[in-house]
Amino acid sequence: MRLALLSPLLFLSGIAAESEADAASPIRTELSLSRHFTDNALDEPLGVSDWYTLMRGTVGGDIDHALGQTRITLDGELRRHDSFTIENDAAGGIETQTTLRPSQDLELRGTLFLRHIREGDALVIEDLAIGTQTAKTSGGASAVIGLRLTPSLVSTTEVKGFRERARDTVFEDDLLPALRFEPDRDRFFASQALTRTDGPLQTGVRATVERTIFSAVFDEPVDLDRLRLRGEIGWQNEAGHALALAVGSEWLRASFDLIDVVRPSIEATAVAPVAGLELRGALRTGFDSADTDDLLASWVRRAEAQIAWPLAEHLALSTGVFFEVRDNLVLDYSEDRRGIYGEVGWRASEKVTLVLRLDYLETRAPVIDFAKDRLDASVAVRTRL
């Protein structure tokens, strides 16, 4: 469980100076190696335990030029199970981002990316688990134009698109012929925002339109259209308090009358230091067509809370909970998810951190008589060079 508290609402789109952390440096490397124990390796109602190793890494560098900077980043991830190797995953990608500042009032940013994923999973039938493996490749591009209209008013225009292609899912030991489970996706997105800054307060309005085309698993391609209109406000002070709120509505429509709904769109984030602790909270409602069990999209309501506090100069403890309800719009059933985590981090040196973490997650879908729980304990070493 990760609390997405660095919400873009806290930094409403505009032209801002780079922080020291984002300043140019020759090469940046981040590595993470963790060892996990889970009591539900297959992530199914059939609970079986296993150990696995998770490795993540990124390597990036900046190239300065006359009008700005180009950043290139390579990333990779490997998950290897001791016993249930059918769950092994691998992913890798490259991203390049170029920022141009022709003037003090204009910023242009372009991004290109390419990523490949090989995901292991299992088809579970009662007490039988058949391993599966699916490969997907995605690539895309985006462009952002930030224009300062007045000293306090900024216009931000963003367009992006990506294409994802999935291969047939293959089964362990060729027990079944390869089948197509994952659709191909083509997604196009456009956004326009106006943001006004008045000291620590930022206010704005934003409109976004999005179309996703699903193909290859349906008789005909299915179009999923999304329109969102929101007003946004963000505030933060030097003491570390921050608040962001976006409120509006979303319309989602799929071809063949599969979906046609309008729902409220809310995103709220708050950060507050209290008596040496840092309290964080987030609330979100919205549609999700990327990470969903539904054929097309889910309607999600999620609330999160986190507390972090330092135990010593180089030792910190954090804990958090979340509650989530997902309505699968085409399949027409709901899922309730809740989880809790605890984490202890020790900064062994300036560049090395050791982390002990415990996660618990449960999912319930009474309509389809589905229930699963998952406990994951891990120890990790993280380095930054």
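User: Leaving out residues up to four places away in sequence, what does Leu-296 touch?
Analyst: Keep in mind that this is a predicted model. With those sequence neighbours left out, Leu-296 is in contact with Phe-214, Phe-218, Val-222, Leu-224, Ala-254, Leu-258, Ile-259, Asp-288, Ser-289 and Val-330.

User: And which residues make up the largest nonpolar core?
Analyst: Twelve of them: Phe-214, Val-222, Leu-224, Leu-252, Ala-254, Ile-259, Val-261, Phe-287, Leu-296, Ala-297, Trp-299 and Leu-329. Two or more residues each come from β11 (222–236), β12 (242–254) and β13 (259–274).

User: OK, strands then. How many bridges join β12 to β13?
Analyst: 13, and the two strands run antiparallel.

User: How many bridges join β13 to β14?
Analyst: Nine, with β14 covering residues 277–288, and this pair is antiparallel too. Here Glu-267 stands opposite Arg-284 in β14. The hairpin of β13 and β14 has two residues between the strands, and Ala-275 has a positive phi near 50°.

User: Let's pick Ile-63. Where does Ile-63 lie, and why does Ile-63 count as partly exposed?
Analyst: Ile-63 is in strand β2. Its relative accessible area is 46%, so Ile-63 is partly exposed, as that class runs between the 20% and 50% cut-offs.

User: Now Leu-147. Which strand is Leu-147 found in?
Analyst: Strand β6, residues 128–150.

User: And why is Leu-147 in the partly exposed class?
Analyst: Because the relative accessibility of Leu-147 is 35%.

User: One last thing: how many Å apart in space are Leu-147 and Arg-165?
Analyst: They are 35 Å apart, C-alpha to C-alpha, with 18 residues separating them in sequence.

How values were computed. Residues numbered from 1 in each chain as written. Predicted model: local features only at pLDDT ≥ 70, side-chain atom pairs only at ≥ 80, totals over all residues. Heavy atoms only, no water. Core = buried A, V, L, I, M, F, W, Y, C linked by side-chain atoms within 4.5 Å. Buried < 20%, exposed > 50% of the residue type's maximum accessible area, 1.4 Å probe, protein only. Helix = DSSP H or I, 4+ residues; strand = E, 2+ residues; numbered from the N terminus. Contact = heavy atoms within 4.5 Å. Pairing = 2+ DSSP bridges.
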